[in-house]
Amino acid sequence: MDPDDGAGRRGGSPTPSAGGRGVPGAQAIARAAHLLRLVTAAGARGATVGDLARDADLTRPTTHRLLTALRAEGLVDRDEHSGHWLPGPELYLMGSVAASRFDITATARDIVRSLAVRTEESAFLSVRRGDETVCLVREDGSFPIRSFVLSEGVRFPLGVASAGLAILAFLPPQDVDAYLERHPELVEKWGASHSSARLRTRIGDTKARGYAVNPGLIVEGSWGIGAAVFTRDGDPQWALSLTGVEFRFGGERLAELGRILLSHAHQLSTRLGSR
């Protein structure tokens, strides 16, 4: 049995969100919301209760109890053959309503498609959600060898994938400092290349270059570049990115891909700013 602190957490580690501390039921809601994010991040394949318990830092009984309650409300579903947990039908209905306020995919899809056509690489649109980026759109280019690190619904912490690094680099310095202080676990989870010092170096390089480069730091041999997309007020709220195999992202071609990426990001920023 997993060690439990008496509240469903492994070893007494903090809950995913402390924002509602003191509000009755807030802890359970925060845990359920965290599980929903993990289930959706797993994509069409879904995730096992063991994987979800580990990633949520909860015991298996607590995780199963929360998932069962979410399933009763239609927010998650369970594949009876694989046992994997998947997004439920109510999430689709809720998302359809929320899309009218938050979804920019219809506005951006032709730009993402143009980026894929021009570069022949896989192109993406991601949005910032708190301390993470979430992929909204994927368009594959014509080059037959592709990277599958990123797809719709996949989340990464800011500073890990190229999209999140591009966004992080153009946040106010005090926000960058606060983010790095909040997330000392990046090194443990993503490796020494994600230490605060190394991230600050890559942030500086990104600001100087205009776009972020991820030289195979998530999956060896899979490179990515990302450019921030800004709101009318200059906030880096989204990012366009490209991924592909290493030999396609070297030398002069990297610089050319960067120029194309920045051009498309500027076009999308302008379009969103005029909405």
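The lining of the largest cavity comprises seven nonpolar, nine polar and no charged residues. Here Ala, Val, Leu, Ile, Met, Phe, Trp, Tyr, Cys and Pro count as nonpolar, Asp, Glu, Lys and Arg as charged, and the others, Gly among them, as polar. The model is predicted, with local features needing pLDDT of at least 70 and side-chain atom pairs pLDDT 80 or more, while totals for chains, interfaces and linings use all residues. Residues are numbered from 1 along each chain as its sequence is written, and side-chain values use heavy atoms, with hydrogens and water left out.

**Cavity**

- The count is one cavity of 30 Å³ or more, a cavity being a set of points on a 1 Å grid over the protein atoms alone where a 1.4 Å probe fits but cannot get out.
- The largest cavity holds about 150 Å³ of space, the volume being that filled by probe spheres set on the points.
- It is lined by 16 residues, of which Val-149, Ala-161, Ser-162, Ile-218 and Thr-243 are the closest to its centre; lining residues have an atom within 4 Å of a point.
- H6, strand E7 (222-230) and strand E8 (236-245) each give two or more residues to this lining.
- E7 gives the most, with three residues.

**Helix packing**

- Helix H6 (residues 162-169) packs on helix H9 (residues 196-209) at an angle of about 80°, with the axes 9 Å apart.
- H6 is therefore roughly perpendicular to H9, a term for angles of 65 to 115 degrees.
- Leu-165, Ala-166, Leu-168 and Ala-169 of H6 meet Arg-202, Ile-203, Thr-206 and Lys-207 of H9, contact meaning heavy atoms within 4.5 Å.
- The residues of this contact are five nonpolar, one polar and two charged.

Key
Axes are lines fitted to C-alpha atoms, for helices over the stretch in contact, and angles run from 0 to 180 degrees between N-to-C directions. Helices (H or I, at least four residues) and strands (E, at least two) are DSSP runs, numbered from the N terminus. Angles under 35 degrees count as roughly parallel, over 145 as roughly antiparallel, 65 to 115 as roughly perpendicular and the rest as oblique. On a 1 Å grid over the protein atoms alone, a cavity is a set of points where a 1.4 Å probe fits but cannot get out, and a pocket is an open set with protein on both sides within 12 Å along at least five of seven lines; lining residues have an atom within 4 Å of a point.
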